[in-house]
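Here is a walk through one protein chain, for a reader who has not seen it before. Please keep the sequence and the 3D view open while reading.

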Amino acid sequence: MSTVAAAVEVAYQTLLRPALRAGLSLETYGSDELRDRTGPLVLLVGDGSRADRQLAVAGLPRSLRRRTVPVADAGQAPGLLDRGWNVVGTADQAIAAIAVRFRVPVIPVGVRGGAAAIEPGRIRPVSGRPRVVLRYGTPLEPRVGESPLALAARSVEAIEALVAEDAATWWTVRRRQADGLPAAAEAPAVRGWRRTWQQTEPPVLGGPRPARRIWQR
């Protein structure tokens, strides 16, 4: 392991991991399917929340987590990818352009409850062991000739579907998509503010695990 990778792993094991284990009811789906990935990856969350980027790293298998860094600025990504690191950023055209340039897979990550559970500027979650769900989606390979804008749109759609799966069911989301409807039940015109509201509403405290749903990731 490189010196930088070792420092990242030590920081995670000594600071972030204990805080998350003690303070959150954390549920993770789909991360095991990424375990055998070896090349650089771009993981994308749906908004600019620092907490969501950190949580997306925390839910990864150790083999990936030790070489994954959350970035607040897309400009930090090229140098890291060039050295074989994975990066976690916000789903937008800037980082999608980098994924297209480097021809690396994009992993959509649906995070539900992160912004409410970990307030801005804090490392430790709010009290009460709030529930946070991480869902890692199917890798999106940049298509030949695909524009960064198109890849960013595909990423956002995949992220919204992952978040909607937790609010509803996998089957409900797929049926809506098959009918040409948005993954979430709300209309596209209100989806933006609705998503912001969902991320800042009071967290679900106590960590009760919901009943298992058919075809849940």
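In this predicted model, Arg103 counts as partly exposed because its relative accessibility is 43%, which lies between the 20% limit for buried and the 50% limit for exposed. Arg103 sits in the loop that runs between helix 5 (93-102) and strand 5 (106-112). The phi angle of Arg103 is near 55°, a positive value in a residue other than glycine.

In soluble globular proteins, nonpolar side chains tend to be buried together. Here the largest nonpolar core has 22 residues, and Val42, Leu44, Val87 and Val106 have the most contacts inside it. At least two residues each are supplied to this core by strand 2 (42-45), helix 4 (77-82), helix 5 and helix 7 (148-167). Helix 5 gives the largest share, five residues. A second, separate core has 20 residues, including Leu34, Leu60, Val88 and Val109.

Leaving aside residues up to four places away in sequence, Leu44 touches Val106, Ile107, Pro108 and Val109, among others. The list of residues that Leu44 touches also includes Gly89, Ile95, Ser155 and Ile159.

How far can the model be read? The mean pLDDT of the protein chain is 76, and 65% of its residues reach 70 or more. Over residues 187-200 pLDDT stays under 50, and the model has 15 contacts beyond four places in sequence for them. Residues 208-217 also stay under 50, with 24 such contacts. Where pLDDT is low, the predicted coordinates should not be read in detail.

Key: Residues numbered from 1 in each chain as written. Predicted model: local features only at pLDDT ≥ 70, side-chain atom pairs only at ≥ 80, totals over all residues. Heavy atoms only, no water. Helix = DSSP H or I, 4+ residues; strand = E, 2+ residues; numbered from the N terminus. Buried < 20%, exposed > 50% of the residue type's maximum accessible area, 1.4 Å probe, protein only. Core = buried A, V, L, I, M, F, W, Y, C linked by side-chain atoms within 4.5 Å. Contact = heavy atoms within 4.5 Å. pLDDT = per-residue confidence, 0-100.
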